[in-house]
Amino acid sequence: MLMVTEQKPLAEVSQLIDKCHKVYLIGCGTCATTLHTGGKSEVIEMKRQLEDAAKEITGWMVIPTTCDTLTREALAENTAAIEAADCILVMSCALGVQMVARFSDKPVYPALNTLFLGMEGNPGFLNEACIQCGECVIGQYAAICPVTTCAKGLLTGACGGARGGKCEQQPEHDCAWILIYERLKKLGMLDKLKEAASPKDYSKMKRPRQLELTPL
Amino acid sequence: MSLQSSLESGKFVITAEVAPLKGTDTTEIIEVAELLQGRITAANVTDQQSSVMRLGSLVVSYLLKEKGLEPVFQMTCRDRNRIALQSDLLSASVLGIKNVLALTGDVASLGDHPQAKPVFDLDSVLLLQVIRRLNEGYDMAGNELKGKPSFFPGAVVNPGADTEAALELQIIKMEKKVAAGARFIQTQAIYDADSFAKFMKRVEGFKVPVLAGVIPLKSAGMARFMNKNVAGILVPEHLIKKMNEAENKTETGIQIAADLMKELKDICQGIHIMAIGWEKKVPQILDAAGL
């Protein structure tokens with residue numbers, strides 16, 4: 001599982017930090033490193049590009065997992081360089097950006113767009129497999145999630161828009177319902193397709209969501 | 001005779017599609033309504049067809065009704081959540097609209113406002129269940145209605161699915177739609193009566209009237225475009241050739257549609273003409289088909 005990110009265009013980043021002359025850079029050693037959006041080499045490249053744009057980089061680091069609360073310690077160890085900066089530019093997913101902001105009084109800006117929670121499918125492809133709807137239904141659908149992988153999130157069956165097994169609306173994607181059909185057929189469970197589906201309970205997705213942990 | 005009475009008494013029925021335009025000018029819709037009145041049993045009013053923002057299907061359905069042409073109010077789940085869908089259904093009932101065609105709808109990203117947030121709170125099958133519930137006097141949450149509608153709900157099917165899985169999925173879904181209360185079915189455009197006859201054999205057990213979709217061809221290019229881009233549409237090569245060689249493309253297009261309708265007439269209980277800009281030619285097509 002990876003939090004999938006992409007780099008924002010440099011022009012957008014420059015506009016975000018327009019008022020800041022001195023910048024502290026933070027990368028992430030987990031997903032953003034794997035995806036080459038915010039690992040060590042990307043942070044160094046960003047440093048070079050910002051310096052070319054006449055910014056001063058007061059320092060940089062790659063925190064092992066920026067979304068972890070240990071980020072507080074990483075920030076504390078680098079207080080001097082961070083204090084010298086006008087802002088912090090974070091090259092991690094939005095979770096990491098928010099974790100940094102929680103432990104710093106400096107303005108914090110994202111250098112990446114957070115796209116989706118991804119799973120490696122075919123080699124070289126990351127696919128969104130779950131939108132965290134809060135009431136997992138994949139037991140009905142051969143462990144393939146139509147809420148996430150059907151362009152319309154259909155629960156009751158295919159829309160009729162598949163062409164050659166691909167989604168009419170997004171031809172780069174397989175039709176989720178054909179995948180469900182083929183897998184159920186292989187499992188000898190095609191009868192599942194005839195079962196009625198209930199309307200989704202979107203109150204389970206009421207934002208913001210929070211879970212209070214109970215001590216063990 | 002109403003669409004419901006016609007279908008329930010086993011009559012052969014013609015419906016045609018009317019697409020609201022972008023803007024407030026309803027002149028053309030009124031002209032089309034006047035032309036089609038008496039020639040067809042009911043007119044489907046599309047709901048932001050192809051996700052392109054236009055005048056709404058509810059208001060145009062009402063305008064047709066006022067002009068004496070019975071509407072089929074098409075309703076998609078793309079732009080409204082369950083609250084808005086139910087409310088618009090109640091509004092439709094108050095405006096005297098009986099027929100509702102329940103559709104899921106295309107995704108917003110294909111239309112002219114691709115940045116729009118797609119809703120899809122419900123889908124076609126779930127919407128049919130909601131319509132049935134409203135007819136029974138209750139909303140989706142189980143609250144009792146003060147005054148209930150009496151809708152005649154319909155649904156669609158795409159018989160031209162191109163793989164075994166896609167076709168089986170369509171048939172399973174059609175069965176679900178009928179179980180959820182669909183009382184008539186309109187199909188995607190058919191160009192091959194023989195394969196449609198095979199499809200009809202598969203679904204005859206569902207005991208629901210089926211209206212075969214017909215899209216008149218305007219050119220060979222249009223046929224090729226649909227073959228390439230529209231799921232479930234397959235215009236056979238001989239028809240494309242015929243259109244290509246035709247001196248008068250309009251006449252040939254009308255004749256092909258009419259010939260097709262003559263063949264389809266014996267296979268199902270009606271024809272649904274989707275003229276796509278040729279609404280005013282529908283009477284000519286019907287004349288040519290002897291309908």
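Which domains does the domain assignment give for chain A? I looked this up before anything else, keeping in mind that the model is a predicted one. The assignment divides chain A into domain 1, covering 2-115, and domain 2, covering 130-200.

Next entry, on the cores. I looked up the largest nonpolar core, which holds 85 residues, and noted that Ala43(B), Leu127(B), Ile185(B) and Val214(B) are the ones that touch the most other members. Helix α5 of chain B, residues 124-135, supplies the largest share of this core, with 7 residues. Besides this core I noted a second, separate one of 32 residues, which includes Ile17(A), Leu35(A), Val43(A) and Cys93(A).

I went back to Leu127(B) and asked which residues it is in contact with, once neighbours within four places in sequence are left aside. My list for Leu127(B) reads Met75(B), Cys77(B), Leu85(B), Ala102(B) and Leu122(B).

Last entry, on the contact between the chains. I recorded 25 residues from chain B and 25 residues from chain A in this contact. On the side of chain B that touches chain A, the elements giving two or more residues are α5 and α6 of chain B, the latter spanning 164-179. The most comes from α6(B), which gives 8 residues to that side. By residue class, I have this side of chain B down as 12 nonpolar, 6 polar and 7 charged.

Note on methods
Residues are numbered from 1 along each chain as its sequence is written. Chains are lettered from A and ligands numbered from 1 in the order in which they are written. This is a predicted model: local features need pLDDT of at least 70, side-chain atom pairs count only at pLDDT 80 or more; totals for chains, interfaces and linings use all residues. A nonpolar core is a set of buried Ala, Val, Leu, Ile, Met, Phe, Trp, Tyr and Cys residues joined through C-beta atoms within 7 Å. A residue is buried if 20 or more other C-beta atoms lie within 10 Å of its own, exposed if 12 or fewer, and partly exposed in between; C-beta atoms are placed from the backbone. Helices (H or I, at least four residues) and strands (E, at least two) are DSSP runs, numbered from the N terminus. Two residues are in contact if their C-beta atoms, placed from the backbone, lie within 7 Å. Domain bounds come from an automatic or database domain assignment. Ala, Val, Leu, Ile, Met, Phe, Trp, Tyr, Cys and Pro count as nonpolar, Asp, Glu, Lys and Arg as charged, and the others, Gly among them, as polar.
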